[in-house]
Amino acid sequence: MSFKLLPRPRPPLLSYSRSRLSRRWNSASSFDPHKPFTLTSSALPEWKPGDGVSKGLSEHDDSPRKTWILDEMSTKDSYKLLTSAIIPRPIAFISTIAQDGTPNLAPFSYFSMISHNPPLLSVSFNLSPRRPKDTRENILATKEFTVNIISEHLVEAANATAVEAPADVDEWIVSGLTMEPSLQVKPACVKESLVSMECKLHFSHDISDLKSSDITNTLVLGLIKQVHVTKSALTESELVLDPAKLRPVARLGGNTYARLTDAFDIPRPAWKMVRDAVQTLTKRQSIE
Ligand SMILES: Cc1cc2nc3c(=O)[nH]c(=O)nc-3n(C[C@H](O)[C@H](O)[C@H](O)COP(=O)(O)O)c2cc1C
């Protein structure tokens, strides 16, 4: 086996907080575009009902817990804590059009799938008193948007569109990405994205600060009307995406992103397979 020496990484050209980034960059190794997507076994493939966790597998076995009361925290700190704890988050790369016709593109990681019947996704906009979120304004005004999945090859372009540009600036130009006309909604899909979803506004709800009643967030549910997938990212079934080909990127805390390079299967337990073991454990617990 031969190992290729990778060039020293270069700091990103668009760096918003250089001093903190540069410390991290000194210890970061280069991005390996050829890193394979590997299917492994799970950590404890021999696990049986009642086993809990294996002592020694986690390096945190003996660490005490630190506890926060969220009511007593600043919003800045709760943002830092929660966005680093609820990870990895998928990222919705959202394309909208303002009422004056200006196209808009920005990434959002308060994003999830809600249901497949009806096909709904959710995205939440954090509102600052400083400036509105153009994506939120456009969705509420036009009731249409597209959600595009971010793969490794377009993460820099997507990240660049998070720039706080004036509402009349077209972030598509910043990104260098290509508009592909949608079929059921006016906002374009991102051509380079391997998955694009055309959505119509299904529901929106403003969320307020519990003390001041100022609106701090808006939750939007999008009804997915049409999905476009690049054929080469599909498995042989031609219906299911292959994660090894999709190469999705997730958001962690701070400015950190993550890639998916390892996965494992764990079969869903059937009650009849675990019933006897669970009954034995229950009897044992009631005796103790
Ligand atoms: C990876 C990533 C994820 C983000 N997730 C969110 C989010 O979930 N909600 C939010 O309000 N802002 C989020 N932001 C910030 C917005 O992208 C940013 O405020 C952007 O300027 C909004 O653009 P707009 O005003 O054109 O809608 C995120 C930024 C990045 C880089």
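Q: In β11, what is the bridge partner of H205?
A: L219 is the bridge partner of H205 in β11. Strands here are DSSP runs of E, at least two residues, numbered from the N terminus.

Q: Before we go on, what am I looking at?
A: This is a predicted model: local features need pLDDT of at least 70, side-chain atom pairs count only at pLDDT 80 or more, and totals for chains, interfaces and linings use all residues. Residues are numbered from 1 along each chain as its sequence is written, and side-chain values use heavy atoms, with hydrogens and water left out.

Q: OK. How many bridges join β10 to β11?
A: 13, and the two strands run antiparallel. Two strands pair if DSSP finds at least two bridges between them. β10 and β11 form a hairpin with six residues between them. S213, in the turn, has a positive phi of about 65 degrees.

Q: Which strand does β7 (residues 144–149) join through five bridges?
A: β10 (residues 195–208), antiparallel. N148 stands opposite S196 in β10.

Q: T146 lies in β7. Is T146 buried or exposed?
A: T146 has 0% relative accessibility, so it counts as buried. The cut-offs: buried is under 20% relative accessible area, exposed over 50%, partly exposed in between (1.4 Å probe, protein chains only).

Q: What does the side chain of T146 reach at 2.9 Å?
A: The backbone oxygen of A188. The side chains of T146 and N148 are also joined by a polar contact of 3.1 Å. A polar contact is a pair of N or O atoms within 3.5 Å; within protein, one must be able to donate a hydrogen and the other to accept it, and residues adjacent in sequence count only if both atoms are side-chain atoms.

Q: Switching to the ligand. How many residues surround the ligand?
A: 19, and the closest are P107, S109, Y110, N126 and T135.

Q: Which polar backbone atoms come up?
A: A ligand nitrogen is 2.8 Å from one of S109. A ligand oxygen is 2.8 Å from one of N126. For D134, the distance to a ligand oxygen is 2.9 Å.

Q: How much of the ligand does the protein bury?
A: 93% of the 640 Å² that the ligand exposes when taken alone. Those areas come from the Shrake-Rupley method with a 1.4 Å probe.

Q: Which element gives the most to the shell around the ligand?
A: β4, with four residues.

Terms used. Near = heavy atom within 4 Å.
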